[in-house]
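Reader: I'm new to protein structures and would like to learn how to read one. Could you walk me through this example?

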Amino acid sequence: MKQGFFEIVENRPLTDSVYKMVLRGDTGAITAPGQFVNILLNGLYLRRPISVCDVSGDLLTIIYKVVGKGTAQMAAMKSGTLDILTGLGNGYDLTVSGEKPVLLGGGVGVPPMYMLCRELIGQGKQVRVVLGFNTKSEVFYEEEFKKLGAEVTVTTVDGSYGMKGFVTDALKTMDYTYFYTCGPEPMLKAVYKTSVTSGQMSFEKRMGCGFGACMGCSCKTITGYKRICKEGPVMRKEEILWED
Amino acid sequence: MGRLNVNLCGIELDNPVIPASGTFGYGYEYAELYDINCLGTFSFKGTTKDPRFGNPTPRIAECTAGMINAVGLQNPGVENVISQELPKLKQCFHKPVMANVSGFSVEDYAYTCEQLDKEEQVGWLEVNVSCPNVHGGGMSFGTDPKAAAEVTAAVRKVTKKPLLIKLSPNVTDIVSIAKACEDAGADGISLINTMLGMRIDLRTKKPIIANKMGGFSGSAIFPVAVRMVYQVANAVKVPVVGMGGVTTAEDVVEMMLAGATAVEVGAANLINPYACRDIIADLPRVMDAYGINTLSEIIGGAK
């Protein structure tokens, strides 16, 4: 974990409510895809945890959806400097992917799949990506994943773009050695049930500090109590205990 | 003696700044960021007799200038704290540490304190009779002078270490409770714990926190804390540890003027993990600005 000040280099909408922000600063503490950063905003008490989409040199890319006061404030920023804690969370473990991993991202669960995809392809893996959205107007980053060299399937719930259905409908048709996923909890549960291999999934919870001090985001797992912000947000399929 | 030194119940502190229990774990998350030996001491995560997972999530809600938490005393239990956590704490912190204790019965409190009393690094016991987040738990002891005195007396019997009782602000007469604890053998009073609060999500029309209510902390509660520290410090002879919304070096000075011998910093650590280090570094500047030579001379200075 490291605290740093990041300069906004780019901040633009990808869809009606999803924005991409590129920041320049010390990215040295970010060690794995699937980690997150925690951003301090004017007039708001708690920092905003946002997943890392990509890191390249001193550039940090985040993609966020406007859902409340904090993200609305971020969306309105044209320039400036942000106080950010980086290197939070465990991130995905790439060493267990096998040769043909599948990456499943749903909605704002798509961004962390990007850095993961880039790194897995960098290791010579044959990567398949499934990007799930509700409808065509919500789709983003399809081309970016294709440019990395991944085989990309887009699903929409209403069938207005790509394959009609959920990411799990695409998953059922695939042959893969391992899965990585991030998205809303109902999607994670569906992937958990549908997947035929081991895998890792990233969870989201309301956090206090984001670095393991306050115990605000604890959960129960097969291997004991864990903090989503510290021992998570990525959990292995085998350790997950669904709360309901 | 430096300008920042204070003496808390017979133990010398390099400065009065103490991260509050529940916001600093056992120190090692913060030790990744800075050398935590710059602190006066810190109060480690509230410890109970048995391991506790705590409350369901969500446990956190944001407020204007503060936050509500309902963690519910998640901790691995006193046995694991002693065998697993204290050895790790010792690696990164080399001063006497404050052990924070909670319980569900007088016997629980006494048992947990007796175990922690045997630990050499524990300098003070801070007994929490004020957790708002546990049903039938700590706060029922902290809202009644007799019950608070009963816990104090029971713990007093099992330890010779300085004993602080941490009080709740969610009471009608804080002074009577503080005095009852003093009479029962407390060496000091810590206050205030969080204020009972609640937020409701307009979209779901339900409480944000799974436990519905929780403890409100952060800079918003600072004036309430100053007032209560002032009231208690003027009513008891033992030292008072002041806390509640402290965020800056100015806040520390104000809390000491109200009567605090040492000052705990809670929620501020969660937003700025360097908060305590920064406050300590800033204290000499603030003292100079207000013509203060040593901090120990200003304790209770506001009459």
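Author: Gladly! Let's begin with the idea of a nonpolar core: a set of buried Ala, Val, Leu, Ile, Met, Phe, Trp, Tyr and Cys residues joined through C-beta atoms within 7 Å. Keep in mind that this is a predicted model.

Reader: Which residues touch the most other members of the largest nonpolar core?

Author: They are L125(B), V127(B), I189(B), V229(B), A260(B) and V263(B), in a core of 170 residues. Helix α7 of chain B, residues 222-233, gives the largest share, eight residues. Chain A takes part as well: domain 1 (2-88) and domain 2 (94-202) of chain A each contribute at least three residues to this core.

Reader: What is L125(B) in contact with, leaving aside its neighbours within four places in sequence?

Author: Its partners include A99(B), V101(B), C113(B) and L116(B). Further along the sequence, L125(B) also meets V155(B), T159(B), K161(B), L163(B) and L164(B). D117(B) is another partner of L125(B).

Reader: How do I judge the overall form of chain B?

Author: One way is to compare its radius of gyration with that of a compact globule. For 303 residues such a globule would have a value near 19 Å, and chain B has 18 Å, so the two agree. Along the principal axes, the C-alpha trace of chain B spans about 50 × 50 × 40 Å. Chain B contains 10 helices and 15 strands, and 58% of its residues count as buried.

Reader: And how does chain A look by the same steps?

Author: Chain A has 244 residues, for which a compact globule would have a radius of gyration near 18 Å; the chain has 17 Å, so this agrees too. Its C-alpha atoms fill a box of roughly 45 × 40 × 35 Å along the principal axes. Chain A has five helices and 15 strands, and 48% of its residues count as buried.

Reader: How many residues does each chain bring to the contact between them?

Author: Chain B brings 27 residues and chain A brings 22 residues. On the chain B side, β4 (60-63), β5 (66-69) and α9 (267-271) each supply at least two residues. Sorted by class, that side of chain B has 13 nonpolar, 10 polar and four charged residues.

Reader: What scores come with the model?

Author: The model scores ipTM 0.93 and pTM 0.95. Chain B averages a pLDDT of 96, with 97% of the residues scoring at least 70.

Note on methods: Residues are numbered from 1 along each chain as its sequence is written. Chains are lettered from A and ligands numbered from 1 in the order in which they are written. This is a predicted model: local features need pLDDT of at least 70, side-chain atom pairs count only at pLDDT 80 or more; totals for chains, interfaces and linings use all residues. Helices (H or I, at least four residues) and strands (E, at least two) are DSSP runs, numbered from the N terminus. The radius of gyration is taken over C-alpha atoms; the globule rule is 2.2 Å times the number of residues to the power 0.38. A residue is buried if 20 or more other C-beta atoms lie within 10 Å of its own, exposed if 12 or fewer, and partly exposed in between; C-beta atoms are placed from the backbone. Two residues are in contact if their C-beta atoms, placed from the backbone, lie within 7 Å. Ala, Val, Leu, Ile, Met, Phe, Trp, Tyr, Cys and Pro count as nonpolar, Asp, Glu, Lys and Arg as charged, and the others, Gly among them, as polar. pLDDT is the predictor's confidence in each residue, from 0 to 100. Domain bounds come from an automatic or database domain assignment.
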